[in-house]
Every structure is written in C-alpha cells, then in structure tokens.
Amino acid sequence: MNSLPKKNKLRIRRLHHWIWPRSLRSQLLSRSLFVLAGLLLLIGILQFWIMESFLYRNQAKTMEEQLMSMPPVWLGIQSRSGSSNNPFGGQAGNGSGNRVLFIPDRSLALFDNQGTFEDIFGEDGLKAPQLATVEYQDITDELKEQKHIPYRIVTDSQGNEQLIVFASPGPRNRGLPMVQMGTATKPLRDLIIKQLLIFLMLSLLAMVAGLILYTKVLRRTLVPLSNMVNKVQQIDAGSLAERLPVVQGQEEVDQLAVSFNGMLERLENSFEAERESKEQMQRFLSDASHELRTPLTSIHGFIEVLQRGAATNQDQLYKALDSMHGESVRINKLVEDLLLLTKLDQAPKQEREVIQLDSLLLEMQPQLAMMAQQRSMHLDLTAEVYVLADAYKVKQVVLNLFHNAVQHTDLEHGAISITLYATHHKAELSVKDNGTGIEPEHLPHIFERFYRTSSSRSRKQGGAGLGLAITRSIVESHGGKITVQSQVDLGTDFMILLPLHKTDV
C-alpha cells in the first residue's frame, strides 16, 4: 500500500529534476534552447506576416496591371449611348456575347456608382464576390478622382476567400463602368504554409545540430569551473596553502578564483594564528609555571629549614624570612605582570586623553634620576608634542625601558639619554644607553614573553622576561610601534613611534 506513493514521489522528483535541472550545464543548455526556440517562433510569426503581406500586395499589383492593360472591348464594354438592354453595353446573359475574355482562377465583375453589378465570367469561372452598394459608390468616386484603392480580402457566396482589386479601364471621361478582379487566397496561403513548414524543418534541424554542438562547446566552456570544483574538493585544513589559478580565460571564473584564493588565505592566516596562539599559550603556561615554581620551591625550602629547628636561631630565622619576603615580592610582581598582559591581550577600552608628552617626561625626571643613581642622565625634549594616550600607561613604558637601561649599564660610567622629536605626524621617543648591548641573534625575540638574553643575569636582577613584552603591548594598543637597535658593548637604543594629535594653538 505504501510502495505506490513512494514510486509516485520518485517519478515526480525525476520529472521535477528533468523540467528544472539543478546542474549549471543542464540549466544553461535548457535555457539556451528555450530562448532559441522562442526566437525561432517569433521569426516564424514575423515571416508569416511579412510573406502574407508581400504576396498579397504583389498579387494585387499584378492584377491591377492586368486590368489597366485590358482594352474595354475585351470586356464587351460599350459606351452608354449604344442601344442595349444591358446597362454596361454588352449583351445580357452570363457574360457571353461580345465578351471574349476568360482568365482561369480569376473572378471578374463590372459595377458602377448606381450599385449595378455584373459577374462577367458567371458560372464559367470563379464566382465574383459582391460588395454593398455604398461601398461601390465610394470606390467609383475614388477611382474617378484617380485615387489608388487598396486591395480587399472578402468571402464570396460560395465561402471562398478572395483578394479583390478595383480599376477603371480606359479613359476616365468616357463614362465606362468600373472593373473588379479577384483571385482565391488559398494558393497564396498554401505557399506561405509551405514556406513555414520548410522553415520549421530547418529550424528543428538547426536546433538538433545546435544541441549537439552546443553541448560540446558548453562542456569545454565549463572545464575551468569543473577543475575549480575538483580542486576545492581536494582542499582541506592541511592544504590551505593551495591556490587556484587566477587566469583561465574566463573573467567570471577568474574573479571567482581570486575571491576563493582570498578566502583560502584568510583561512590559512586564521589557522596559522590559532596555531601560533596555542603554541604561545603552551609556552606561556610552561614559562609561567617555571617562573612560579622557582620562588615557591625556595619558599618551601626555607619553611622546611624553619621546621627543622632554624626558627630558634634568630640569625637563621631573619635570613629565611628576608629570603621568603623577596621571593613573595617576586611572585607578586610576576602575577601582576601576567594579569596586565592578559588585559592588554583582551584589548579593553582605555581611558585616553590628550597629553603633552614633553611635560610628562619632565614630571618623571626626579623619579628617573633616583633610578639612575650615579649614572648620568640626559633629556633632549621637543616642546609641545601632543599625543592621545593613557598617561599612566605611557609612564609605565618609559619606566620599563629606563629600568632595563639601568640594569644593563655600569653604575659609575653608565649614561642614559631620553630624546623626544616630532616628525612625519609621529612622536618619536628614544631611550638610549651605553650598556652591554644585545647579541644580534637575540634581537628578533627581545619582545617575546619570558625571553631572556641571559637567564642567570635576569634571575639575579629579578626579571621574568615580561617587561619588554608589556611595553610592546602598550605601545601597539596606542597605535604605535617600538623598535630596537643594539651593538654588543656599545649600548642599546629603543625607539617608540606614536601618532601625533593635532591641537589648536
């Protein structure tokens, strides 16, 4: 019972796919054939109308010339002054007597403005259709004024459609009757239909031939698209570096290839960024756990020493407490730096304001001088340099760089200079020292988190390798850029570029 509906549904689905194909090739082919068939139908209709009009006009012109070339005597027409019972001057009857003219497949009749009508051939030829008296009066008047009368399509008493024309044989001033000639339209229509059938056959042959040729041409035309589909099917997360050829000779396909390559590039960058983010997170967790493990191990060791009796020894007790305090300060600083980096990574909204950078550096001069101790310090500042920034964050950047310079310069012979210039719509801030410098192999990694140029020295000085990473994050969050230049035993120069803020003077 349920198998019949399923079969019907399957048939309906197949019929639907046949009527509305889903493949691009089938849709292009069917729609092209539909447009071609519509054009051929329109051409056939126009051809029928044009051929019919042409043949009718040509036939009417031929018949008019025949009438104009006929002498009136052929029609048995005499002057109205002659003695005869026939109003047209011939003998009464069915067209016999003095009329010697007979044209096969033609009807011929005489008429005048009085409504008199005579079929010349009678029953010997084609039956002449008769119009209304008023129409003959109008036609007679127009012919006398030498106006051209268009042909007419009428139906005779036998139901045959005829094309009839009108003419006035002989001179207009002799009072001769008018002549009507007609011919059946069936032969003309048969000729038109024959031509249309020939056109229809040729059109069908052309559509069949076009279908065969167009299928091959369409298949070759869609080769680039098919190749693209095959290529796309082969691409997965492990082959995002693959790219489609962007020049295939078809503008639309080339644009699609360019767009798809752009999408692949964005996906590749996204996957690469995610991979790097995971690797950085793993390194970050590893380094952070290592940094936290060292002071925690030290504190744990001092606690064990105190538990074993060192707490009763006042000297050992104070040394242990001092060391534990130092390690706790180090842990607290590390946690604060990690929290700050986390906030910077999340790109929170910062409270920025227009600050005068040179004034800010002058305010920091006493604090910097205290950090420098016996080292020489020099400030070279351009006046009225304005930037849109968080003043607290800018101070933190300067303090980080200055503290880094203090750590790597000699106490007595060390020299640190801070310069500030405004150039090319940028504020250029530089912190330069004459310290130990940085080896060339370390420069590309100097801003990475937990990276140290010398592990032992950094641990001795209490650094965890986060200061420069924090500095770069702060600078980049302000739309700026930080770079470094260094030579071993000659010193290091950190340069910061921040966008200038225009102010009204």
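Select Gln373. This residue is exposed, with a relative accessible area of 56%; exposed means over 50%, buried under 20%, and partly exposed in between (1.4 Å probe, protein chains only). Gln373 sits in the loop between α8 and β7 (376-381). Its phi is positive, about 55°, although the residue is not a glycine. Helices (H or I, at least four residues) and strands (E, at least two) are DSSP runs, numbered from the N terminus.

Before you move on, note that this is a predicted model: local features need pLDDT of at least 70, side-chain atom pairs count only at pLDDT 80 or more, and totals for chains, interfaces and linings use all residues. Residues are numbered from 1 along each chain as its sequence is written, and side-chain values use heavy atoms, with hydrogens and water left out.

Next, pick Glu384. It lies in the loop between β7 and β8 (386-389). Glu384 also has a positive phi of about 55° without being a glycine. With a relative accessible area of 57%, Glu384 is exposed.

**The whole chain**

Zoom out. The protein chain has eleven helices and twelve strands. Of its 505 residues, 33% are buried. Take the contacts (heavy atoms within 4.5 Å). Among those between residues at least 6 apart in sequence, 64% join residues at least 24 apart.

**Helices α8 and α9**

Select residues 357-372, helix α8, together with α9. Their axes come within 11 Å and cross at roughly 35°. Axes here are lines fitted to C-alpha atoms, for helices over the stretch in contact, and angles run from 0 to 180 degrees between N-to-C directions. The crossing of α8 and α9 is right-handed. On the α8 side, the contact includes Leu357, Leu361, Met364 and Leu368. On the α9 side, Val394, Val398, Phe402 and Val406 are among the residues involved. By class, this contact has 13 nonpolar, two polar and two charged residues. Ala, Val, Leu, Ile, Met, Phe, Trp, Tyr, Cys and Pro count as nonpolar, Asp, Glu, Lys and Arg as charged, and the others, Gly among them, as polar.

Now click Ala391, in helix α9. Is Ala391 buried or exposed? It is buried, at a relative accessible area of 18%. Leaving aside neighbours within four places in sequence, Ala391 is in contact with Glu353, Ile355 and Leu360.

**The core**

Which residues have the most contacts inside the largest nonpolar core? Select Leu401, Ile418 and Ile496; this core has 42 residues. A nonpolar core is a set of buried Ala, Val, Leu, Ile, Met, Phe, Trp, Tyr and Cys residues joined through side-chain atoms within 4.5 Å. Helix α9 (residues 391-407) gives the most to the core, with eight residues. A second, separate core of 16 residues includes Met63, Met70, Leu108 and Phe121.

Center on Leu401. Beyond neighbours within four places in sequence, Leu401 is in contact with Val431, Leu468, Thr471, Ile482, Phe494 and Ile496.

**Helix α11 and onward**

The axes of α9 and α11 come within 9 Å and cross at roughly 145°. This crossing is left-handed. Lys393, Gln396, Val397, Asn400 and Leu401 in α9 meet Gly467, Leu468, Ile470, Thr471, Ile474 and Val475 in α11. The contact has six nonpolar, four polar and one charged residues. Buried residues of α11 include Ala469 and Ser473. Just after α11, Gly479 takes a positive phi of about 75°.

Step to Lys481, in strand β11 (residues 481-487). At 52% relative accessibility, Lys481 is exposed. Not counting residues up to four places away in sequence, Lys481 touches Val475, Met495, Ile496 and Leu497.

**Two last stops**

Pick His442, in the loop between β10 (426-433) and α10 (455-461). His442 counts as buried, at 15% relative accessibility. With residues up to four places away in sequence left out, His442 touches Tyr451 and Thr453.

Finish on helix α4, residues 186-221. Its buried residues are Leu188, Ile192, Ser203 and Leu218.

Note on methods: A crossing is left-handed if the near helix is turned anticlockwise from the far one by less than a right angle, and right-handed if clockwise.
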